[in-house]
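Student: Hi! Could you walk me through this one before I go and look on my own?
Tutor: Happy to, let's open it up.

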Amino acid sequence: EKPDGVVNEAIEQVCFADKIILNKTDLIESKDELEAIEKRIRQLNPQAPIFQCQHSEISPKEVINIGAFDLDRVLNFDP
């Protein structure tokens, strides 16, 4: 929690993300905990696909040259 008027940058990054990489999922102790984390992310950004990975291993085709930015979506979204 941050004081009123102070921006939480991590929350804003999730809210405006085109894709979300959920790294270090191997360190999460249970499937229920992982589901709870994803549920919280979905509350912040229901549109972006979530990619689970370990050691930052993700196919480059999922994150490079994807053309996902949509200015209208960003301007119409209020986290």
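This is a predicted model: local features need pLDDT of at least 70, side-chain atom pairs count only at pLDDT 80 or more; totals for chains, interfaces and linings use all residues.

Student: Where is confidence lowest, and where is it highest?
Tutor: Confidence is lowest in α3, with a mean of 70, and highest in α2, at 95.

Student: Noted. What pattern does the chain follow along the sequence?
Tutor: Reading along the sequence you get α-β-α-β-α, that is, three helices and two strands.

Student: And how much of the chain counts as buried?
Tutor: Of its 79 residues, 18% count as buried. The protein chain exposes about 6300 Å², and carbon and sulfur atoms supply 49% of that area.

Student: Which residues make up the largest nonpolar core?
Tutor: There are eight: Ala-17, Ile-20, Leu-22, Ile-28, Leu-34, Ile-41, Ala-48 and Ile-50. Two or more of these residues come from each of β1 (20-22) and α2 (31-44).

Student: Let's zoom in on Leu-22. What does it touch, leaving out residues up to four places away in sequence?
Tutor: Leu-22 has contacts with Leu-34, Ile-37, Glu-38 and Ile-41, and also with Ile-50, Phe-51, Gln-52 and Cys-53.

Student: What about Thr-25, is it buried or exposed?
Tutor: Thr-25 counts as buried because its relative accessibility is 9%, under the 20% cut-off. You'll find Thr-25 in the loop between β1 and α2. Setting aside residues up to four places away in sequence, Thr-25 touches Leu-34, Gln-52, Cys-53 and Gln-54.

Student: Switching topic: how many salt bridges does the count come to?
Tutor: The count comes to one. The side chains of Lys-19 and Glu-62 meet there, at 3.6 Å from N to O.

Student: Why does that pair tie together parts that are apart in sequence?
Tutor: Lys-19 lies in the loop between α1 (9-16) and β1, while Glu-62 lies in the loop between β2 and α3, so the pair ties together parts that are 43 residues apart in sequence.

Student: How accessible are the two partners?
Tutor: Lys-19 is partly exposed, with a relative accessible area of 26%. Glu-62 also counts as partly exposed, at 22% relative accessibility.

Student: What share of the contacts between residues at least 6 apart join residues at least 24 apart?
Tutor: In the protein chain, 73% of those contacts do.

Student: OK, now the surface. Which residues make a nonpolar surface patch?
Tutor: Ile-21, Val-63 and Ile-64 make one of about 250 Å². Val-63 sits in the loop between β2 (50-52) and α3 (71-75), and Val-63 counts as partly exposed because its relative accessibility is 36%, between the 20% and 50% limits.

Student: Last one, what does Ile-11 touch, again skipping residues up to four places away?
Tutor: Ile-11 touches Arg-40 and Leu-44. Ile-11 lies in helix α1 and is partly exposed, with a relative accessible area of 29%.

Student: And what separates the C-alpha atoms of Ile-11 and Ile-41?
Tutor: Those C-alpha atoms are 9.1 Å from each other, with the two residues 30 apart along the chain.

Terms used: Residues are numbered from 1 along each chain as its sequence is written. Side-chain values use heavy atoms; hydrogens and water are left out. Patches are made of residues with over 30% relative accessible area and no salt bridge: like charges are joined within 9 Å, nonpolar side chains (Val, Leu, Ile, Met, Phe, Trp, Tyr) within 5 Å. Accessible areas come from the Shrake-Rupley method with a 1.4 Å probe; for residues, only the protein chains shown count as cover. A salt bridge is a side-chain nitrogen of Lys or Arg within 4 Å of a carboxyl oxygen of Asp or Glu. Helices (H or I, at least four residues) and strands (E, at least two) are DSSP runs, numbered from the N terminus. Buried means under 20% relative accessible area, exposed over 50%, partly exposed in between (1.4 Å probe, protein chains only). A nonpolar core is a set of buried Ala, Val, Leu, Ile, Met, Phe, Trp, Tyr and Cys residues joined through side-chain atoms within 4.5 Å. Contact means heavy atoms within 4.5 Å. pLDDT is the predictor's confidence in each residue, from 0 to 100.
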